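I have one chain to go through this morning. Please keep the structure on the screen while I talk.

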Amino acid sequence: MRLRLRAAELCESLLLTLVRLLLPAQGRHRAAAPDRLPLPPPEPPRRRPYPEPLVMDTPLVRPYLHALEVYA
């Protein structure tokens with residue numbers, strides 16, 4: 001009985017130690033090594049130029065274009 005209790009205590013302490021080592025500490029910030037500086041912010045994505053100009057003359061837009069041409 002005593003051997004089982006002792007083995008359980010040993011396993012518990014080993015598991016708690018492993019959990020503390022592997023999980024990040026909350027409320028504490030680990031110091032960064034001096035040779036590892038923080039990464040710069042990422043660059044915004046670059047827009048590629050359109051291969052051809054945008055054409056607004058479609059069957060849905062054509063009546064509105066015609067109305068603009070008439071009043072212009």
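Glu9 is partly exposed, with 41% relative accessibility; buried here means under 20% relative accessible area, exposed over 50%, and partly exposed in between, with a 1.4 Å probe and protein chains only. This is a predicted model, in which local features need pLDDT of at least 70 and side-chain atom pairs count only at pLDDT 80 or more, while totals for chains, interfaces and linings use all residues. Residues are numbered from 1 along each chain as its sequence is written, and side-chain values use heavy atoms, with hydrogens and water left out.

Which residue forms a salt bridge with Glu9? Arg6 does, and the closest N and O atoms are 3.8 Å apart. A salt bridge here is a side-chain nitrogen of Lys or Arg within 4 Å of a carboxyl oxygen of Asp or Glu. Arg6 counts as exposed because its relative accessibility is 59%. Glu9 and Arg6 are three residues apart in helix 1, so about one helical turn separates them. In general, an α-helix has 3.6 residues a turn, so residues three or four places apart point the same way.

The whole structure has two salt bridges. Arg46 and Glu43 form one of them, with 3.4 Å between the closest N and O atoms. Arg46 is exposed at 73% relative accessibility, and Glu43 is exposed at 62%.

Now the helices. The chain has two helices and zero strands; these are DSSP runs numbered from the N terminus, helices being H or I with at least four residues and strands E with at least two. Helix 1 has 21 residues and should span 30 Å at 1.5 Å a residue, which agrees with the 30 Å between its end C-alpha atoms. The expected span is 1.5 Å times one less than the number of residues. Zero residues of helix 1 are buried, so this helix lies largely in the open.

Last, the surface. Leu15, Leu18, Leu21 and Leu22 form a nonpolar patch with about 470 Å² of accessible area together. Leu21 lies in helix 1, residues 2-22, and is exposed at 61% relative accessibility. Of the 72 residues of the chain, 0% count as buried.

Notes:
Patches are made of residues with over 30% relative accessible area and no salt bridge: like charges are joined within 9 Å, nonpolar side chains (Val, Leu, Ile, Met, Phe, Trp, Tyr) within 5 Å. Accessible areas come from the Shrake-Rupley method with a 1.4 Å probe; for residues, only the protein chains shown count as cover.
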